[in-house]
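Hi,

Here's the structure I said I'd pass on to you.

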Amino acid sequence: TIQLLAVLPNPVGIDRGNEEVHLSNSGADAVTVTGWLLQDRAGNEFTITGTVPANGTLKITLPAGKLPLNNTGDDLTLFNAAGDEVDNASYTKSDAQAGQVVTFP
């Protein structure tokens, strides 16, 4: 099962090009997530490429301007290549402290 594990919405220094989203895979097989989509509250979208290893994680560094993670809080939704919602998560302004990774339950 692929899930949103964590985000780094407010990296120390410049945010643009340094924000991160981490996906986790609790399954016994690697899952290719190429063509999957991340969407934020404002409707900004980023198409993912890569593979999440079995029982592992994939760190995605977001290119500048592609899916800006708001330091005031945001919602993220993960869709598979077929367009089905796979997971969603939210964080708040108080979660988005400089350099702090926000982990989702």
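In which strand is T77 found? Before I get to that, keep in mind that this is a predicted model. T77 sits in strand β8. Next thing to check: is T77 buried or exposed? Its relative accessibility is 16%, and the cut-off for buried is under 20%, so T77 counts as buried. If you skip its neighbours within four places in sequence, T77 is in contact with L37, L38, Q39, E85, D87 and N88.

Now for the strand itself. β8 covers residues 73-79, and seven bridges join β8 to β9, with the two running antiparallel. You can pick out a facing pair here: L76 stands opposite A89 in β9.

Zoom out a bit and you'll see the sheet. Four strands make up an open sheet, in the order β5-β4-β8-β9, with antiparallel pairing. The edges are β5 (45-47) and β9, each of which pairs on one side only. On average, neighbouring strands of this sheet are turned by 15° against each other, direction ignored. As a bit of background, strands of a sheet pair through backbone hydrogen bonds, either parallel or antiparallel.

Then there's the greasy part. The largest nonpolar core has 23 residues, and the ones that touch the most other members are L4, V7, V21, L23, L38, I48 and L78. Two or more residues each come from β1 (2-8), β2 (20-25), β7 (57-61), β8 and β9. β1 gives the most to this core, with three residues. In general, nonpolar side chains tend to be buried together in soluble globular proteins.

Not counting residues up to four places away in sequence, L4 touches V21, H22, L23, L38, L76, L78, D87, N88, A89 and F104. So that list includes L76 and A89, the pair that stand opposite each other.

Last stop: where does V101 lie? You'll find V101 in the loop between β9 (85-92) and β10 (102-103). V101 has a relative accessible area of 40%, which makes it partly exposed, because that value is between the 20% and 50% cut-offs. Leaving out residues up to four places away in sequence, V101 touches A6, V7 and L8. For a sense of distance, the C-alpha atoms of V101 and F46 are separated by 20 Å, and the two residues are 55 residues apart along the chain.

Note on methods
Residues are numbered from 1 along each chain as its sequence is written. This is a predicted model: local features need pLDDT of at least 70, side-chain atom pairs count only at pLDDT 80 or more; totals for chains, interfaces and linings use all residues. Side-chain values use heavy atoms; hydrogens and water are left out. Buried means under 20% relative accessible area, exposed over 50%, partly exposed in between (1.4 Å probe, protein chains only). Contact means heavy atoms within 4.5 Å. Two strands pair if DSSP finds at least two bridges between them. Axes are lines fitted to C-alpha atoms, for helices over the stretch in contact, and angles run from 0 to 180 degrees between N-to-C directions. A nonpolar core is a set of buried Ala, Val, Leu, Ile, Met, Phe, Trp, Tyr and Cys residues joined through side-chain atoms within 4.5 Å.
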